[in-house]
There are 2 protein chains.
Amino acid sequence: MGVYLRDIPLDEAKQRFEAALAEARLNGVLGVEHIPLDEHALGRVLAEPIWARISSPHYHASAMDGFAVRAADTEGASPTAPRTLLLGDHVAWVDTGDPLPDWADAVIAIENTEPLDAQGNPAPDPRRPHAIRIRAAARPWQAVRPMGEDIVATELVLPAGHTLRPADLGAIAACGHSTVPVARKPRVAILPTGSELVPIGHAPKRGDIIEFNSVVLAAQVKQWGGEPTRFPITPDDLEQITARVREAARDHDLVLLNAGSSAGSEDYSARVVQQLGDLLVHGIAVRPGHPVILGMLHVHGRHVPIIGVPGYPVSAALTGEIFVQPLLARWLGTSAPEPPTLKAHLTRKLASPAGDDDYVRVTLGKVGERWVAAPLSRGAGVITSLVRADGILIVPRGLQGYEADAEVNVQLYTPLAALERTIVAIGSHDVLLDLLAQHLARRNRRLSSANVGSIGGLVALKQRHAHLAGCHLLDPESGEYNVAYVRRYLPDTEVALVTLAHREQGLIVARGNPKGIHGLTDLLRSGVRFVNRQRGSGTRILLDYALQQHNLDSAQIAGYDREEYTHLAVAAAVASGRADCGLGIPAAAQALGLDFVPLFQERYDLVIPRAFAESALLAPLFDVLHDAAFRAQAAALPGYDVRAMGTVQLLHP
Amino acid sequence: MGVYLRDIPLDEAKQRFEAALAEARLNGVLGVEHIPLDEHALGRVLAEPIWARISSPHYHASAMDGFAVRAADTEGASPTAPRTLLLGDHVAWVDTGDPLPDWADAVIAIENTEPLDAQGNPAPDPRRPHAIRIRAAARPWQAVRPMGEDIVATELVLPAGHTLRPADLGAIAACGHSTVPVARKPRVAILPTGSELVPIGHAPKRGDIIEFNSVVLAAQVKQWGGEPTRFPITPDDLEQITARVREAARDHDLVLLNAGSSAGSEDYSARVVQQLGDLLVHGIAVRPGHPVILGMLHVHGRHVPIIGVPGYPVSAALTGEIFVQPLLARWLGTSAPEPPTLKAHLTRKLASPAGDDDYVRVTLGKVGERWVAAPLSRGAGVITSLVRADGILIVPRGLQGYEADAEVNVQLYTPLAALERTIVAIGSHDVLLDLLAQHLARRNRRLSSANVGSIGGLVALKQRHAHLAGCHLLDPESGEYNVAYVRRYLPDTEVALVTLAHREQGLIVARGNPKGIHGLTDLLRSGVRFVNRQRGSGTRILLDYALQQHNLDSAQIAGYDREEYTHLAVAAAVASGRADCGLGIPAAAQALGLDFVPLFQERYDLVIPRAFAESALLAPLFDVLHDAAFRAQAAALPGYDVRAMGTVQLLHP
């Protein structure tokens, strides 16, 4: 087998891995276990078909509480000509489930009989009468569950490869089994490596990386039916890593070696695999994920496949989905589940490298009659892009992306039903939106929000990519908020301006305000480094308006060109010492333990096209805005005035 | 609270239960547990929102292996005017993930640099050069992951009520948590009662019922996030049951009392609930399931809800879905998952009692462009109807059913993707179909087969309810199989007749053939009880043809009117002693250890409309018919001749 230092196509990598597994006879079920038939068998995969050992019912059973009879004895009974049958040799009480007496071929339910005593009066105990009077003939086999009604002995009950559900366990028990043959769970060793890693629970110092890929991979393995073992962190040391891999290979079916798989300075994975077996693939043309390694170890007289998983968390998780999930499915004798898909329209143009299979995380929402897919951050380090993703769009190799509005096929992570109750908010960010999301969740709605600034939100509404936009745009002409902008961007749409709150804006400064910043004029001082918000954001418009009012020249502000996209990002820049101040909201300052210099009060509205405002989807949102608990929680945040919350202003075209 | 002896509507029952839970303050999350953040947190439900404690990254990090620089120092560099930067105070090597030095604001990836030694030659160790030459200026913050790129401290990462997936665990770790607050798992006691019950693993005697409802209920509870405890079987004894319920209520949140909930003779559940608390509901207008009990125990100073679960297995499992699943979801603070639905056309008229919500199990398949739903057995005792069900059709109270072909809404059990690769077979049964199902499963196809006899299968094809029909119909005129019937039932369709096998038909008799049955004439003997197949079945047609050929009078055959629907059911009738013989295939006789008297050989074909025969869906079926392993397994079954297997005869309209 050759070693490849440049990326090969995903299909080729899979084929090469496949061939090596086949050669090592590791391409089928690893082994059969006979486990007790109880609730712990749930979710296990049948390694053999289940054939019925006994029938169910395994005798003719009464289906009712009543009297077993011979149908022939009841012939002629009618409402006008009742027949009376004496209890005895050929009439007997049966409970539901009781075996039918040999001489009987029918059951009459107790409610269709008149139990009598010896004198012909109603019997005191209807279950032990002297005789019964009936007013209808019994059909043969009525109210009887014949032997084998449910399952006939020797029938196929369930095929091999079937994943056991609750009712399956009942059927397997009913046909005479007390154990169940299932595929042995594949044992997967997960080895985090890297001298910069610290375990979860250790406060990370600058440069430390919290090691959590092993938890994500272990949870994936568990979810897919395997048995994960998480090893402790191994530092970047070739000998130590080699020893660990050798140790893990002893009693595991698969080794996942995390990080150290790129071409960087301390990347030992490829060398370890070469030392202990065959390096099959090094580098795959899939994005994110490139530096994946596939190999086959030969140690302890066995073959053990190994996957070098990239270190970036999104790459790591996707490597799990692309390589580990299908392998585990094969070892369990089942097929990897096929995620449901949905056709949706892209909210923006998507450029993709033609040489790669590109896995793009998207959020989804149904805006009007159209499904829209909004691409999330492409960064391989941004794990929240996986957390927030409603699905994955795979841009296949050979394609350079899609135009905005193109219809694409998305594999769903989020169930369709949940997507159908998703409210899509695009626009300016405010911490109240997080609080709103909490309250909407209790009312069976999901809030999916993307932060692109106020103008970006209005553009999204115009393009019908969102149900609502958070907006705080001051019109320098009128001094009024939002109205002029909505008229400009949505001239033909009837729109509800729904006030969320009035909020303070001011300067976020380091704790103790060491640079003594008290107003906008201080921004022009030498030695004061500012961090700005992006063009089009309400905060930026507010700043520019105020600078103009005070005849201050933005060119003299150091850092005016450095743009951040959220209040919290501005606060983070100040907290890290990268800047001395930025304009933002007090909640952001408080969040990072910073000080705040209040300067302005602004109105933050939710802009909602009227058709959406009146939809059943958004109705719970208006309930929340008038919910006392929500209002109280919002008012408790620093700098918020909620008295106008929920006020609606309708703008007609 | 009153006691109700007659069924009340499902909605009313739910409301009454709801009100009692609210009164006992048992209508929210039961408690919060802080568990370690590892793979065991998978599938648990967040009891509190997760806010970021630290940012991720929590420092500015290099996104590449390369050199940290000040962007300003690189200005002007171009392909024609390269710049050389000395390593030192303001140029330094960084690995991916390393913190950016305080003075730096950009990283140049190593592949975009020329590392040089002191003489201006390529450096021997590119990571430790004397200087680097660059041919492009660096943009500020290029190849840097700024602090908070993924998560900004204080941000909402995940809302309460969220069910944890693998990537979520990574995001929670990344933002500084080492434990996770999840809803405590509800503890559910499952109490099987009934003197007729025997545990799994005990060979059941006549009248014994294998107790498996507790396993099904426990698996349901586990699947829905609860912690089940299965109690041993309690006999039908009021005192013992009362003691068990009291014991279970001590340390469980919910008690499921199985069986004993109807109005039968040994049905103690309602009395137990009345003794230990409030009987809220006794009998619900839902089918199957009627005798459900809902109650609230007051024992040990606590309130513990109790559900009396009916004894029939389908009723028990549906009671779980209707009452236990939503209750557990509420106690976990999540919403019960909404199953996806599908619109499909009913294959037959469906009558339903107007007073009940009727839960009808159906199989589904896509035949041509239409989805079709075939109702399964309605019997509450037929657990295979749940095993085989692809979904549930709820006929709401007030509706008396649907006409054949009506479009109905089905809640899916089987994922849509699996349904899309389902081949629907309706017609005559043969054990080879079970074997075929096994082999198709390995080729990514599901075989859904319903046994309605050969003629029924042709009718199903005509109505486009199936892709293929198993058929063995002798034409008495020509002595030929199937052709004449296909022409009669499908006159306008181009059809492929695909031979599955030639198989023996003969008389299935008790072991040792005690009645000395050797041919058809024996059927007319006094004391010989026959069991017949249903009208329209190929076996019945074969029998009638042979009787006519031999001038035998069917009226003289005892049992000629008693009809069974499958070969195995005929064999079961003989095995149970209910009949002395029946016409069928040798595999059925062998399956139940019976003897067989061969009489005829017949051809069993798969009848497939050409459009389906040539579809991608059915292609793997033809592969199986030519698969040596399949043919060998089929040939090994008694009475099968597979030499013609896979032979295709095209019939044109």
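Leu342(A) stands opposite Val410(A), which lies in strand 28 of chain A. Before I go on, the ground rules. This is a predicted model, where local features need pLDDT of at least 70, side-chain atom pairs count only at pLDDT 80 or more, and totals for chains, interfaces and linings use all residues. Residues are numbered from 1 along each chain as its sequence is written, chains are lettered from A and ligands numbered from 1 in the order in which they are written, and side-chain values use heavy atoms, with hydrogens and water left out.

Back to strand 28. Strands here are DSSP runs of E, at least two residues, and helices are runs of H or I, at least four residues, both numbered from the N terminus. Strand 28 covers residues 407-412 of chain A. Strand 22 (residues 341-346) of chain A pairs with strand 28 in the antiparallel sense, over 5 bridges. Pairing requires that DSSP finds at least two bridges between two strands. Strand 26 (residues 391-395) of chain A also pairs with strand 28, antiparallel, over 2 bridges. There, Gly391(A) stands opposite Leu412(A). Which residues form the covered face of strand 28 of chain A? Val408(A), Val410(A) and Leu412(A). The uncovered face is Glu407(A), Asn409(A) and Gln411(A).

Next, a loop residue. Gln142(A) sits between strand 9 (131-134) and strand 10 (144-145) of chain A. Buried or exposed? Gln142(A) has 18% relative accessibility, so it counts as buried. The cut-offs: buried is under 20% relative accessible area, exposed is over 50%, partly exposed is in between, with a 1.4 Å probe and protein chains only. The side chain of Gln142(A) reaches the backbone nitrogen of Arg139(A) at 3.0 Å. Leaving aside neighbours within four places in sequence, Gln142(A) is in contact (heavy atoms within 4.5 Å) with Asp105(A), Ala106(A), Val107(A), Ile108(A) and Ala137(A).

Now over to chain B. Helix 13 (residues 567-575) is mostly covered, with 8 of its 9 residues buried. Among them are His567(B), Leu568(B) and Val574(B). What covers the buried residues? The cover includes strand 32 (495-509), helix 12 (538-549) and helix 14 (586-591) of chain B. Just after helix 13, Gly577(B) takes a positive phi of about 85°.

A rotation of 180° with 0.0 Å of shift along its axis superposes chain A on chain B, at RMSD 0.3 Å. The two copies are thus related as by a two-fold rotation axis. The superposition is by least squares on C-alpha atoms of residues with pLDDT of at least 70 in both copies. Pro340(A) comes closest to the axis of the residues of chain A, at 5.1 Å (C-alpha).

At the interface, 94 residues of chain A are in contact with 94 residues of chain B. Why do the copies meet through the same surface? Because 100% of the interface residues of chain A are also interface residues in chain B. The buried area is about 7800 Å², and carbon and sulfur atoms give 62% of this. That area is the accessible area (1.4 Å probe) lost by two parts on being put together, summed over both. Glu39(A), Arg206(A) and Val387(A) supply 8% of what chain A buries against chain B, more than any other three residues.

Then the charges. Between the chains there are 4 salt bridges, each a side-chain nitrogen of Lys or Arg within 4 Å of a carboxyl oxygen of Asp or Glu. Asp102(A) and Arg206(B) meet in a salt bridge at 3.8 Å, N to O. Helix 2 (residues 166-174) of chain A gives the largest share of the side of chain A that touches chain B, 8 residues.

Terms used
Polar contact = N/O pair within 3.5 Å; in protein donor to acceptor, adjacent residues only side chain to side chain.
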